Amino acid sequence: DTKDMKERKDGTSPYYTNKSVKAKIDKLLQMNSVIWSNIGTNSTIDCKTRKKGEELWHSLANQIKDLDENFYNLVCPHGIDS
């Protein structure tokens, strides 16, 4: 339900007030750490190149933005490409 994921009237980020949003964002951030920690390992989860890692992060970051734009702005204060 998107109304639960919007900023509260007092400006509080849903990440800090909605357990479901927090869990979803934490999972996306964990996925990002897996991407970057496995580049160059030749494991089955190695995305091989920095460019591919960036593409995957862009997708994850956009999902974070959809869940909580305030938290997204903390994680990506200069946008995704910075």
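Modeller: On α3, the face turned away from the buried side carries exposed residues, K51 and D66. Exposed means over 50% relative accessible area, buried under 20%, and partly exposed in between, with a 1.4 Å probe and protein chains only. The model is predicted, so local features need pLDDT of at least 70 and side-chain atom pairs pLDDT 80 or more, while totals for chains, interfaces and linings use all residues. Residues are numbered from 1 along each chain as its sequence is written, and side-chain values use heavy atoms, with hydrogens and water left out.

Now the other face. G53, W57, L60, A61, I64 and L67 are the buried residues of α3. They cover an arc of only 105° around the axis, so they sit on the same side of α3. The arc is taken over the directions from the helix axis to the C-beta atoms. An α-helix has 3.6 residues a turn, so residues three or four places apart point the same way.

The length of α3 fits too. Its 18 residues should span 26 Å at 1.5 Å a residue, and its end C-alpha atoms are 25 Å apart, which agrees. The expected span is 1.5 Å times one less than the number of residues.

What covers the buried side? The cover for the buried residues of α3 includes α1, α2 and α4. The chain has four helices and zero strands, running α-α-α-α from the N terminus. Helices here are DSSP runs of H or I, at least four residues long; strands are runs of E, at least two; both are numbered from the N terminus.

The largest nonpolar core has 15 residues, and I25, W57, A61, I64 and Y72 have the most contacts inside it. α2 (19-38), α3 (50-67) and α4 (69-75) each supply at least two of its residues. α3 gives the most, with five. Such a core is a set of buried Ala, Val, Leu, Ile, Met, Phe, Trp, Tyr and Cys residues joined through side-chain atoms within 4.5 Å.

Look at I64. Leaving aside neighbours within four places in sequence, I64 is in contact with I25, L28, L29, W57, F71 and Y72. Contact means heavy atoms within 4.5 Å. K24 and I64 are 40 residues apart in sequence, yet 8.2 Å apart in space, C-alpha to C-alpha. K24 belongs to helix α2 and is partly exposed, at 39% relative accessible area.

α2 has its own buried set: V21, I25, L28, N32, I35 and N38. Seen down the axis, these residues fall within an arc of 165°, so they line one face of the helix. The cover over them includes α1 (14-17), α3 and α4. K19, K27 and S37 are exposed on the face turned away from the buried side of α2. The helix has 20 residues and reaches 29 Å from first C-alpha to last, close to the 28 Å expected at 1.5 Å a residue.

N32 counts as buried, at 15% relative accessibility. Beyond four places in sequence, N32 is in contact with W57 and L60. A polar contact of 2.8 Å also joins the side chains of N32 and W36. A polar contact is a pair of N or O atoms within 3.5 Å; within protein, one must be able to donate a hydrogen and the other to accept it, and residues adjacent in sequence count only if both atoms are side-chain atoms. At the start of α2, a side-chain oxygen of N18 reaches to within 2.9 Å of the backbone nitrogen of S20.

Last, the stretch that leads from α2 towards α3. Just after α2, G40 takes a positive phi of about 85°. N42 lies in the loop between α2 and α3 and is exposed, at 64% relative accessible area. Its phi is near 60°, a positive value in a residue other than glycine. K48 lies in that loop as well, with a positive phi of about 75° although it is not a glycine. Most residues other than glycine have a negative phi.
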